Amino acid sequence: MLRYFLNRLIGIIPILFFVSIFIFLFVHMIPGDPARLVAGQDASLADVKAVERELGLDKPLTTQYVHFVTNIIQGDLGVSLKTKRPVFDEIAKRFMPTFWLTVWSMGWAVIFGLLIGVISATKRNKWQDYVGMFGAVSGISLPSFWLGLMLIQLFSVNLGWLPTGGLDSWKSYILPSITLGAGVAAVIARFSRSSLMDVLKEDYIRTGRAKGLKENKVVWGHALKNSMIPVVTMTGLQFGFLLGGSIVIETVFSWPGLGRLLIDSVAFRDYPVIQAEMLLFALEFILINLIVDLLYGVLNPQIRYD
Amino acid sequence: MAELKVNEAIQQPVSQPVNIKKNTPITEFWRKFKRQKLALGAGVFVVLLFILGIIGPFIAPYGAAEFDYDHILEGPSAQHWAGTDAYGRDIFSRIIIGTRISLFISILSVLLGAVGGTVLGLISGYYGKWIDNLIMRFCDILFAFPGILLAIGIIAILGPGLGNVVIAISIFSVPMFARIVRSSTLAVKSTVYVEATRSIGAKPRRIIWKHIFPGTVSAIIVNFTMRLGTAILTAASLSFLGLGAQPPSPEWGAMLSGGRDYLNTAPHVTFFPGLAIFLTVLAFNLFGDGLRDALDPKIKD
């Protein structure tokens, strides 16, 4: 068990290393001179040179990279070109709204996804299955921003029940989290259906039925638990999808989170913020994948010996 | 996969339908595919979309940039089936004309990604060793970014615009195809017929293209179709965020974005372009599901 954990932990080190190089080089891949970009188009040559020294752009790439990594470890992510404030502060205050939005969305998605998946699997090839699976494939195909706008139209504009955007109270979470969770719920529904159907073919399920257990007990007591292992993995990986999806949804709902900050920063060409956000999103995604891997090891003892 | 082919070869004389001369893989595929009514319907819809993509601008009742300031933000009517936007342009016509953009962007970007990913996957799976390691680590890095984030990052470097959207989507499609093709390559590589070919002295390039690549085609086709839907969604999302197609382009995501300001008074401006995106992606996904069940039942979502 410990060996498995250690192996997985050691395994992410090269990925972290290459991702950090990739993000470091990001600023260098922008066409044109980054120093001129920071200094502004009308800056004098002396100013550009000063900025270049200040940012360390005149040093060799390797020195710059070491500097970059040391700064990150110390929590120094540079200064926003737009607000002239530390990027760390800009990101810190936006983190929690996005975090809670993701958690809410995942909550909805797991509840509804599992429910639809289980009903579809147990009522295989009946109308419940067809409705559930058509709903799921529709959920995957829905443009999230459109769903969000339609929900705003219905519940905020027409009915006036919920706010159109922003973050004021718990009510603000409802529409964005449903919008963001819809696609994930659909993926979970499809996946849990096929996983549960595989398990329902097993011998021990037949034994359970043969000894006269109620069907509900067979499904919820025996089959579901064993079919959940791949579903947990899949669900964990969907967190990455939620992180990406939040970028679009936050723009629709004027959400004060990381996603909207990213889009604003791209529009403003605020590269330090973009760089920091890419780093943060990638770290979160790698961390989630690691947790999923470890959780998988706990749930399924067989794979520890790979 | 190899076993499957052997089975087909054995069944060939037995299961010969009367009206078909030979039980080729294509007729076999058709036999399995046409049983799935929903996927068949989606396939027809996809074909119609392609026709619309070609002839759209010629059959649209109005032009994409035909302004009519006497009829702005009007709801659906007999003259304007999907209403008009803030400049009095006919939304229905713009959606028809925009079909071409969405299809072109998605096909081009997924095609580029598929070609790149397939070559990498074949090399990785066939040669193994350090080159496999190198390619797979490269894929891991790209996979460390949630799809749309990578696209936004690429656009942040290259600047907004449809061309850069194509580059961004094709880059993040590469690792996915590479992994899928690599695993099919590994499976085909260990079959007896590949070993036989190698033992008679065939060159690696010939083995890869003549013997291994055909074995990976069905997995590529299935994923290609699935990715088209995702690519349309991603391109529309990027246009919606202002990073892709710019107004006055009749790209669906850009049209939808333009309608946001009129959500209170004219919801149809956002409703219809979104519906077009939804139906198109739905058709590709249903079609892809059907292809998967008919071609490669082993792949699961």
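This is a predicted model: local features need pLDDT of at least 70, side-chain atom pairs count only at pLDDT 80 or more; totals for chains, interfaces and linings use all residues.
Biologist: How many residues does chain B bring to the contact with chain A?
Modeller: Residues count as touching if their C-beta atoms, placed from the backbone, lie within 7 Å. On that basis chain A contributes 40 residues. The number from chain B is 38 residues.

Biologist: Which helix gives the most to the side of chain B that touches chain A?
Modeller: Helices α5 (129–143), α6 (147–158), α9 (204–240) and α11 (268–295) of chain B each supply at least two residues of that side. The greatest contribution is nine residues, and it comes from α11(B).

Biologist: How many residues of the side of chain B that touches chain A are nonpolar?
Modeller: This side of chain B includes six charged residues and nine polar ones. The nonpolar residues number 23.

Biologist: How far apart are the end C-alpha atoms of residues 212–245 of chain B?
Modeller: The unreviewed UniProt entry lists residues 212–245 of chain B among its transmembrane regions. In the model this span is 85% helix and 0% strand. Its end C-alpha atoms are separated by 39 Å.

Biologist: What percentage of residues 99–119 of chain A is helix?
Modeller: Residues 99–119 of chain A are one of the spans annotated as a transmembrane region in the unreviewed UniProt entry. The end C-alpha atoms of this span lie 30 Å apart, and its strand content is 0%. Its helix content is 100%.

Biologist: What distance separates the centres of domain 1 and domain 2 of chain A?
Modeller: Domain 1 of chain A covers residues 2–77, and domain 2 covers residues 94–267. Taken over C-alpha atoms, the distance between their centres is 37 Å.

Technical notes. Residues are numbered from 1 along each chain as its sequence is written. Chains are lettered from A and ligands numbered from 1 in the order in which they are written. Domain bounds come from an automatic or database domain assignment. Two residues are in contact if their C-beta atoms, placed from the backbone, lie within 7 Å. Helices (H or I, at least four residues) and strands (E, at least two) are DSSP runs, numbered from the N terminus. Ala, Val, Leu, Ile, Met, Phe, Trp, Tyr, Cys and Pro count as nonpolar, Asp, Glu, Lys and Arg as charged, and the others, Gly among them, as polar. UniProt positions are given in the numbering used here, feature names are shortened, and annotations may be inferred rather than shown by experiment.
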